[in-house]
Amino acid sequence: MQVVFVGGRLIGGGFSAEKNPFTPKASLVRYWNKEITADKSLRSEFLLSKASPLNAVDSATFGKLASQNSLPTRLPDFCSAANLFCFPDLTPSLEKHDENVKFSVYDQKNFTSYGNARAAGVDSFKTYSKGNNGAIDTFRRYSRFAAGHEEKFTVYGERGNVDEKDFNSYGTFAAGGAGDFTNYQNEVNDPVSRFTAYSDGGTGRTQTFKTYTHDANAGDGQSFTSYSKKGNASPNEFTSYGDSSNVIGSAFKNYGEEGNGATDTFTSYASGGNVPLNEFKNYGESVNAANDTFTNYGGDGGNVPRNDFKSYGGSGNDAVDTFANYRDKANVGDDTFTSYAKASNAGTVKFKNYGQSYNPGSETFTGYGKGSEAHKISFKTYTPNSTFKDYAKNGVAFAKYNVTSIGDGKTVNKWIEPGKFFRESALKEGTVIPMPDIKDKMPKRSFLPRSIVSKLPFSTSKLGEVKTIFHAGDNSSMEKIISDAVTECERPPSVGETKRCVGSAEDMIDFATSVLGRSVVLRTTESVAGSKQKVVIGKVNGINGGKLTKAVSCHQSLYPYLLYYCHSVPKVRVYEADLLELNSKTKINHGIAICHMDTSSWSPTHGAFLALGSKPGRIEVCHWIFENDMNWAAIAD
């Protein structure tokens, strides 16, 4: 067979030669040809497209800096040249504005001492940081000591990726005015917002969060620390907060502490979310005449919501807390109330239709209302998995104890995207099937050359060194990104699993061939065409005749450079199938699907079982290989 090399493309069944043989791409071509013995006609350009774009000179330069532990001095240049994901190093802005300001189509800004001591006026942030990758905005001492000053954040940080917002000492000691967050961080992947000492000591200042992190995906979410502390008559409203989000967390610490006459309303908070985690610590502690209302909180089709209330409302005076339809119609879920309303005076707490989940969850109340005086605590229609320990024996009423779950074990799959999981029987020509969104949500990055990545630390014991290299500050988003990835990579493998995290294409080849042998094929779904719509299954081909086969799947992990979590997948069948447009039946994509035939070790709360209505070990589960993920399979003899 004659192989013709043209400029960097795959021609005639082989990888083309690079003009400069010392580039990382040229090195990868040689490594593939040396390590992979499969027919050259089975190769693809896919892996080569992930190779480092560094030229020969830059590769050598940055490799030397890495060996000398000097990369931090050139990080911006390194990130740019190597196509890495890095946060910018923001410098404080001390801009002063005496008049109303509108910020539109604006991003990556550090606002320090902005709007201090302003009298009245409005600052609006519209379409701010929209659709950005790795956007960081910092607001420090914003509107501090202001009077009647309003801030409006509309369509703020929407559809971004790894979006971080920090509000420190925002609106502290302000009188009147309002902070309005509407459509904030919606549809963001890995959102992080930190509100520290926000509106502390404020009087009559209103904060409103509407449609906040709606449809967001996988992040720490929001942390409110010392929020509205010692505030006076400052209402806070959370509406549609975290609705339909996926694995988003919220943390409220010392929220509203020592406040007076505060009113907080949580409506449809984390409703329909998937595995949301919400923590309330020292919330409303030592407050006077506070009113908190939680309506449709964590319910409406949510999956495994978890809420922790610790020292909530402790030592408060004449407070009223209402939980209505809390975790209603959710799937499973766990709530913990520790020292709730402890040592309070004349407190009233109402739980109505609490924990009416489709599949039984659990509630634990420890030290509830203990040491309180003149309190009234009522539970109406609560569940059989509720545990009450060391609680106040008087002033607590229990009514309508539910002995059965309302759904009789019915599954809840509102949060699971149609088509994300399916049965093997769906892979038949002519079947109409919903296609999930298989688009890659990660920031675009490239592998590092092995000559560089081998010199960089990558372990939990050396997190400090990694943070220094990538300018990751303490408690920053980048610190968590690095820590999460390294921790997951060091996690012991599951039963029957072989795993490795790889930061270079050469390392991926080594892992795949160590598991499967050197005669292997790399496959991935051709494109994202057909995503989020119904498609028709066209011609189907079972890899290795549709028999149980060895396979290695590689999934991206969020990290500064391209990092894949690769693992062997025992007892699977791999298929490739043409995907056809629903009406015209024309081919629009070529998908790769993997079917896990043994699910006995999977969690009962895995989304596949909620979507398909079964339990571990009883059914096989199939899914598509998403954009930029890949599957390696051995070629049958």
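Analyst: N69 counts as exposed, with a relative accessibility of 66%. This is a predicted model, in which local features need pLDDT of at least 70, side-chain atom pairs count only at pLDDT 80 or more, and totals for chains, interfaces and linings use all residues. Residues are numbered from 1 along each chain as its sequence is written, and side-chain values use heavy atoms, with hydrogens and water left out.

User: Why is N69 called exposed?

Analyst: Exposed means over 50% relative accessible area, buried under 20% and partly exposed in between, with a 1.4 Å probe and protein chains only; N69 is at 66%, and therefore counts as exposed.

User: What is stated about the phi of N69?

Analyst: N69 is not a glycine, yet has a positive phi of about 55°. Most residues other than glycine have a negative phi.

User: Why is K532 called exposed?

Analyst: K532 has a relative accessible area of 63%, so the label exposed applies. Phi of K532 is near 60°, a positive value in a residue other than glycine.

User: Why is D578 called buried?

Analyst: D578 has a relative accessible area of 17%, and is therefore classed as buried.

User: What makes the pairing of the D578 and H590 side chains a polar contact?

Analyst: A polar contact is a pair of N or O atoms within 3.5 Å; within protein, one must be able to donate a hydrogen and the other to accept it, and residues adjacent in sequence count only if both atoms are side-chain atoms. The side chains of D578 and H590 make such a contact at 2.8 Å, and those of D578 and K587 are joined by one of 3.4 Å.
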